[in-house]
Amino acid sequence: MDRTKILAIMGSPRINKNTNIALESILNEIKEDNCVVTKYNLMDLNISHCTGCEYCGIKEGCTQKDDMDIIYNEFDNSDIIIFAAPLYFNSVNSLSKAVIDRCQKYWSLKYSLGEDYKRYDDRKGIFISVGGAPYTHDQFLGSIPVMDYFFRAVNADYIGNYFISNTDKVSVKDNKDVREELKDIGRNILDIKEFHIHK
Ligand SMILES: Cc1cc2nc3c(=O)[nH]c(=O)nc-3n(C[C@H](O)[C@H](O)[C@H](O)COP(=O)(O)O)c2cc1C
């Protein structure tokens with residue numbers, strides 16, 4: 001049987017801080033005998049902003065040629081997408097948002113050009129985010145509709161959020177309970193049901 005392809009996107013410009021440690025807590029527990037994990041640090045890639053040129057609404061594809069081609073290829077071939085992005089100004093940070101905006105090509109493919117895109121494939125989307133400020137119930141609410149729209153664009157079922165507050169005071173590295181819970185998600189990645197966790 002083919003191994004499940006898991007794409008992990010790490011959207012923090014800080015390569016080994018809270019977002020990455022949260023993501024790695026999940027990835028380290030994923031069993032390699034039935035899954036293959038590919039991870040990208042967005043800081044290592046060269047991805048331009050969407051210019052709104054409207055090309056993708058007329059012809060399939062994107063006029064910009066940069067490392068987004070790598071990510072497009074991964075989106076086209078992954079079964080599970082785990083997107084980890086820090087909370088900046090109550091939403092996903094701009095490094096991550098640049099990738100999301102470039103997914104306009106999928107939206108256009110479906111709704112302007114009337115083509116199918118993995119429409120019938122069963123795949124999952126998971127969003128991990130960290131916020132430096134202390135917990136408030138609405139802290140991550142700005143990012144949810146963004147990620148919802150993104151996962152719809154790439155035809156993934158948005159099955160879970162894991163949000164961690166107060167990372168400017170208590171790092172994910174020092175938060176053993178959170179890391180244990182994230183490890184659990186990694187261990188059960190193939191069977192996991194909907195989850196909405198905010199710590
Ligand atoms: C430009 C900027 C904007 C931020 N805005 C928020 C915010 O709106 N809410 C919040 O809780 N934390 C905010 N933070 C704090 C980050 O979410 C926090 O430092 C987080 O740990 C960053 O992720 P990292 O540790 O993986 O880099 C902001 C940080 C920066 C640099």
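**Stop 1: strand S3 and its partners**

Select strand S1 (residues 4-10) together with S3; the two pair in the parallel sense over 5 bridges. Helices (H or I, at least four residues) and strands (E, at least two) are DSSP runs numbered from the N terminus, and two strands pair if DSSP finds at least two bridges between them. The model is predicted: local features need pLDDT of at least 70, side-chain atom pairs count only at pLDDT 80 or more, and totals for chains, interfaces and linings use all residues. Residues are numbered from 1 along each chain as its sequence is written.

Within this pair, Met10 has Ala84 of S3 as its bridge partner.

Then select strand S4 (residues 91-92), which pairs with S3 in the antiparallel sense over 2 bridges. Tyr88 has Ser91 in S4 as its bridge partner. The hairpin of S3 and S4 has 2 residues between the strands, and Phe89 takes a positive phi near 45° there.

Is S3 mostly covered or uncovered? S3 is mostly covered, with 8 of its 9 residues buried; a residue is buried if 20 or more other C-beta atoms, placed from the backbone, lie within 10 Å of its own.

**Stop 2: the ligand shell**

Display the ligand and the 17 residues around it, of which Lys17, Thr19, Pro86, Gly131 and Gly132 come nearest. Helix H1 (18-27) and strand S3 (80-88) are the elements that give two or more residues to this shell. S3 gives the most, with 3 residues.

**Stop 3: helix H4**

Select helix H4 (residues 104-111), where the buried residues are Lys105, Tyr106 and Ser108. Viewed down the axis of H4, these fall within an arc of 165°, so they line one face of the helix; the arc is that of the directions from the helix axis to the C-beta atoms. The buried residues of H4 pack against helix H5 (143-153), contact being defined by C-beta atoms, placed from the backbone, within 7 Å.

**Stop 4: the whole chain**

Finally, zoom out to the chain, which has 6 helices and 7 strands. Along the sequence they follow the pattern β-α-β-α-β-β-α-α-β-α-β-α-β. The C-alpha atoms fill a box of roughly 50 × 40 × 30 Å along the principal axes.

Key
Near = placed C-beta within 6 Å. Buried ≥ 20, exposed ≤ 12 C-beta atoms within 10 Å, placed from the backbone. Contact = placed C-beta atoms within 7 Å.
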